[in-house]
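Please take the sequence and the 3D structure below together, and keep both in view while reading the paragraphs that follow them.

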Amino acid sequence: MRTMLKSAVAALAGLVLATAAPASDWTPPGPVKLMIAFAAGGGADTQARLIAEDLEAKLGWSFIPEQVTGKGGMNLAMAIKDMPNDGSVIGMVVTETLGYNMRVADAGVTPDDFTAITTTAGFQMGVVSLASKGWTTFADVVEAAKSGEALRFGTMSPRLSDLAYLLGKANGVEFNIVQVKGGRAVMNGVNAGDMDLGFMAGIQGKGVAAGDLVNLASALSEPLKQTPEAPTFADLGVEFVADGYFTFIGPAGMPTEARDALAAAIAEAVSTEGMKSHGIIAKAFGGPAVIAGDELQALVAADFEAAGALLEAASE
Amino acid sequence: MGALDYIWLGIAAVFQGPELFSVAGVGISVTLVMILAGFLLGIVVGATPGLAGPMAMAISLPVLISIFGFTPDALLPVMGFLIGVMKGATIGGAVPAILFNTPGTPDAYMTTLDGHPMAQAGQAKKALKIAHVSSAAGDTFSDIVLILCAPFLAILVEAYLDLPEKTALLILSLAFIAAVIGGSVGKGIISMGLGLLAAYVATGEDFYPRLSLGSQTLAQGFPIATAILGVLILGEVFKSLEDLWRDHRSAGPRAEPGQSGDQALRWTDIRRIAPYIGRSAVIGTVIGALPGIGSTLAATLGYTAGSRRHARRRPGSTPFGKGAPEGIAATEAANSSVSGANLIPVLSLGIPGNAAAVFLILAAESIGGFNPGPSVFRFTADTVNPELVVAFGLFTAMMVANLLNWTIGGAFMRVVGVMIRVPKHILLPIVLTLTLTAIYVQEARISAMWFAIGFGILGYLMRRLGISHLPFVIAFILGGKLEDTARQAFAATGGDAWFLVTSPIAAVFMALAVAVVALSLRKPQEVKA
Amino acid sequence: MTARTAIARTNLYLALGCIAFALMLAFLWIPLDTNSGLIEKVRRQVTIGDALAPTLAAFMIGLGGVLVLFQGRGAAQDGIGGRNLGFLARLLAGIAIAFALMRWTGPGVVWLAGLVSDQELTYRALRDTAPWKYLGFLTGGSFLIAALIAAVEGRVTGRTVVIAVCAVLVLIALYDLPFDDLLLPPNGDV
């Protein structure tokens, strides 16, 4: 009872905080430059632009979206690093940018050089193949590989390539890992038969629902929402996962007031039924997942630290 | 979802798309309005010496994208507009060629040979009508070939070509373009090499942006618009400005010759020019389907073929070069029938063949949601493949543009003769500023404008040194794709170093690539001292 | 000297220049400025490194140079001489002045306005506010157009300036007025 009460109070406090924050005095000093690390027209880009539209409509802030793509978000990170930290420049990347990618890039920056603002949604990262392949679960893939078939595994980032390698290794098979640019390229490759299976981070939803594609496994620490019966990476003997989030960042040293006001405004937009950004997040990214402020800063710092273990495991 | 369903969806996407306004209760879709606007703009631009279709496309693209946004709904209005410009510019180019002996676009040069003599003989209107009919006929024929061929070619490619073969096909296309365009194979290959190099700056798989000299300015590479607009448009602007600067604008106002006689285009005239149109349309379509050769060569070949036939069959009538209507027909049908067929490699392979196609790819890439290439033509059974709907929407847009061409094109063409009076030395600086602004609103940094200036100087030097700039542009566009496909093919074959020759199809493509270069080395060089 | 030998000489310089550039690329720039070699071993798999594609591009440039060298005669052209370089130098100088005007007119005027009105004004906060946001583009853009027209005409006239300013105003109307998200130069840089 006590714990229940406690959590109820905490939830209420959270609610008050969430509604109070946008009402705080902070407003951006002029228009906000919104850098987007994703190719124009894709799901992630649309998400960022719709969040900006929602905030413009609701709060009257003005956003100027701009594409800064490439290098797994590192181009955006390096560009935003030295910009004014007064809340007039923010960028949307994935947590992987500040974690694994920043670690491997070795470009002289760490997550401490950035202000983590808030996440918006996670990925529904599955291992996917065409239904016409006849595989229904990952065990079928292992069987096919063991019978001598050379299998091509499509991935869209070095971290996912590492994970694909470890997935094979844990199951005693070797994949030909084909790394491409972006989830759509994996889906096109799988559809065209250029790849046998591959990672898809939510883009597979429609195809799976229609029965053209199959989620063979969840690359997350928890089962996929769409295919809960598919085994997770832990079930398949891999101790690393592809969990990650879309996240807003700014340059280091952003005033807490600005950070929290931005975080609260974004969180409210993506979590509120009827908002445009909520719509696309519910449709394509398995619903909102909000982690903000210090908690998020700690999460990306931990990802950055943990990247070493994955690198080491995959380089054996 | 059968093929017919898709065709129907494509047509519906054009006609029943978002409405702009309605006339008597019938909604007029925004795509239709955009096709019309593009078509009219294209005629004006084509009729203006110093401007050309690609310039209008380059300048309007950022405006269009801002209007329609980065959603798949934007694809048809934006690309419809570009297709309209492409078709309008093709017929517009003939206007100043006929009236003032100045080709509005490079491929209309041959039109001056017979068009202007006709105008001087007081038959300007008739010459324009002949140019219009021939152009519209060639264009329509070419589009029909495109619509019939592209889907099948794409399906064949997707069914038979694996990653190694796709890599080999890209190499073949580049070899072909480098070897065939321009006077010298060596120069074509230099142009291609430079285009590839520019495409490889700051790209690649490593997190360190290669060849960026450690500078943050270069870390995002050269934006595609800066390289293409720089080499294609600024290079031309710089060259023309220098020419004008040297000549201090010697050309005075031009006089339009007085007109007389029967200007109507009679059925007998059409019967007379029909064989020339037909022959040239086939020539232009075949040339157009090969990436990179372009409409100027098609016009030359069409004219030459027509000229031979004319001298043989009709020795008594006005010879080519002296004001023969057949000459206009042969030229205009040939250069107009390139544009549709040029989209065959674009839509089925993702390989652009000329500047107009380059801008369609640029539009698709900027907006997203449509990746020209064989994956477009996946006829899915249960779900709708939105890219295929867009493809059939584009086909519909082309046919709508053709309809406009047949109905109002001719009349509009006859009123844009005034564009010749815009002095080039005023137009070019404005085009320069316009292009730089178009780049800035897309990239939002001054360094991008400097990149464009740099590529403009490269384009200028290439023009002065007799190096064709088209291999550069196409290599820049295909460079990233070539590297990606090669990497994937190499990884997919488990690190087979011979992946380009182990499969028979890939080996044939590679052999053809070598053969094309070797054969071009032997062709006589154009020496014009 | 006939035109023909001039062309041959231009081609010779072009060929040698391309070969030298290709060698510099392949043996200096690419090895020093890429992070992975031609091929690499990652995750027990041999993969293509970041240096391979640029090296092949360098090879193409060099090969083209060699072909031009041995083929000698190319298409008709006029070559590049001192006069061309002089033109380019003037052109670049004009563009540099225009870009500097674009970049600094706005911040300069805002600074002056701040001085006069005793308020703390920054251009950055005003970069999306009329009329401040048009200052740089209007001056720089008009200068660029007017300078180029004047260079061809050999004189500066009032008409030239009017044309230039009108053209820039049309550009503003075209790219800025209808759109919230587009920034005119230099407003994305400040």
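Predicted model: local features only at pLDDT ≥ 70, side-chain atom pairs only at ≥ 80, totals over all residues.

Residues are numbered from 1 along each chain as its sequence is written, and chains are lettered from A and ligands numbered from 1 in the order in which they are written.

In chain A, the domain assignment (its bounds come from an automatic or database domain assignment) gives domain 1 as 2-123 + 244-314 and domain 2 as 126-218. The C-alpha centres of domain 1 and domain 2 of chain A lie 29 Å apart, and 14 residues of domain 1 of chain A are in contact with twelve residues of domain 2 of chain A, where contact means that the C-beta atoms, placed from the backbone, lie within 7 Å. On the domain 1 side of chain A, H4 and helix H11 (293-314) of chain A each supply at least two residues; helices (H or I, at least four residues) and strands (E, at least two) are DSSP runs, numbered from the N terminus. That side divides into nine nonpolar, four polar and one charged residue, with Ala, Val, Leu, Ile, Met, Phe, Trp, Tyr, Cys and Pro counted as nonpolar, Asp, Glu, Lys and Arg as charged, and the others, Gly among them, as polar. Chain C is likewise assigned domain 1 (3-71) and domain 2 (82-175), and the C-alpha centres of these domains of chain C lie 40 Å apart.

Chain A also holds an open sheet of five strands in the order E7-E6-E8-E5-E9, with mixed pairing; two strands pair if DSSP finds at least two bridges between them. Because E7 and strand E9 (213-218) of chain A stand at the edges with a single partner strand each, one side of each is left without a neighbour in the sheet. Strand E6 (residues 152-155) of chain A runs parallel to E7(A) and is joined to E7(A) by four bridges, and Gly154(A) has Val178(A) in E7(A) as its bridge partner.

From chain B, H18(B) lies across E6 and E7 of chain A, running at about 170° to E7(A), where axes are lines fitted to C-alpha atoms, for helices over the stretch in contact, and angles run from 0 to 180 degrees between N-to-C directions.

Chain B meets chain C as well, with 60 residues of chain B in contact with 68 residues of chain C. H9(B) gives the most to the side of chain B that touches chain C, with eleven residues, and this side divides into 34 nonpolar, 14 polar and twelve charged residues.

The largest nonpolar core has 351 residues, of which Leu82(B), Ile98(B) and Phe359(B) touch the most other members. Such a core is a set of buried Ala, Val, Leu, Ile, Met, Phe, Trp, Tyr and Cys residues joined through C-beta atoms within 7 Å, a residue being buried if 20 or more other C-beta atoms lie within 10 Å of its own. Leaving aside neighbours within four places in sequence, Leu82(B) is in contact with Gly38(B), Met57(B), Phe359(B), Leu360(B) and Ala363(B).

Definitions and conventions: Buried ≥ 20, exposed ≤ 12 C-beta atoms within 10 Å, placed from the backbone. Contact = placed C-beta atoms within 7 Å.
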